[in-house]
Amino acid sequence: MTTTTTTTSPIKYWWEDLQVGETRDLGSITPTEEETVAFARQFDPQPFHLDHEAARASVFGALSASGWHTCAMAMRLMVTHFLHESSSLGSPGLESLKWLKPVFPGDTLRLQHTITEKRPMSKRLDVGLVRTTWEMFNQHGDKVLHMEGYGMFRRREPGQP
């Protein structure tokens, strides 16, 4: 997995540009064993994320990435391939998060993002909400992650009170 520092690009996607039903493929990422263990050591030090023997004895059967690492990789793809070009203002949170299958070092993960709803914020006329579904698939086409939640985006043309 390669990480690079990126700067904010000119805004290509404002709230008005995001349409319900739009689906974006946001690239892929392949975690190494070193990265998987390093993340787990720092943020989720459970034995099946750190040790091959403990992992073989677990329900996963092999060293697996933390679900939080999987979320972090999805976020990296989202920022790199979409949010850096948008008027994103962050997120008020998630409504659903499911880790559907384990992720193993060397898996190639692909992120798909679908807009399911959008509406202007009632108290911030310059901001709109966008509800999205994030789905991450491994190289076999198996869905490993499903998330749903909202993002806040600046509006090109603020609404009227």
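Phe 43 is exposed, with a relative accessible area of 52%, while Phe 39 is buried at 17%. (Buried means under 20% relative accessible area, exposed over 50%, and partly exposed in between, using a 1.4 Å probe and protein chains only.) Both residues sit in helix α1 (residues 33-43), four residues apart, or about one turn of the helix. Helices (H or I, at least four residues) and strands (E, at least two) are DSSP runs, numbered from the N terminus.

A quick word on what you're looking at: this is a predicted model, where local features need pLDDT of at least 70, side-chain atom pairs count only at pLDDT 80 or more, and totals for chains, interfaces and linings use all residues. Residues are numbered from 1 along each chain as its sequence is written, and side-chain values use heavy atoms, leaving out hydrogens and water.

## Aromatic pairs

Search the whole structure and you get five aromatic pairs. One of them joins Phe 39 and Phe 43: their ring centres are 5.0 Å apart and their planes are at 45°, so this pair is tilted. (Rings of Phe, Tyr and Trp, the last by its six-membered ring, pair if their centres lie within 6.5 Å; planes under 30 degrees apart count as stacked, over 60 as edge-to-face, and the rest as tilted.)

Phe 82 and Phe 153 are both buried. They make a tilted pair too, 6.2 Å centre to centre with 55° between the planes. Phe 82 is in the loop between α4 and β2 and Phe 153 is in strand β5, so the pair ties together parts 71 residues apart in sequence. Ring pairs also bring in Tyr 13, giving a cluster of Tyr 13, Phe 82 and Phe 153.

## The nonpolar core

Phe 82 turns up again in the largest nonpolar core, which has 24 residues; Phe 82, Leu 111 and Met 136 touch the most other members. (Such a core is a set of buried Ala, Val, Leu, Ile, Met, Phe, Trp, Tyr and Cys residues joined through side-chain atoms within 4.5 Å.) Helix α4 gives the most to this core, with five residues.

## The sheet

Five strands form an open sheet in the order β1-β3-β4-β5-β2, with antiparallel pairing. (Two strands pair if DSSP finds at least two bridges between them.) The edges are β1 and β2 (93-99), each pairing on one side only. Between β1 and β3 there are five bridges, and Thr 23 stands opposite Thr 114 in β3.
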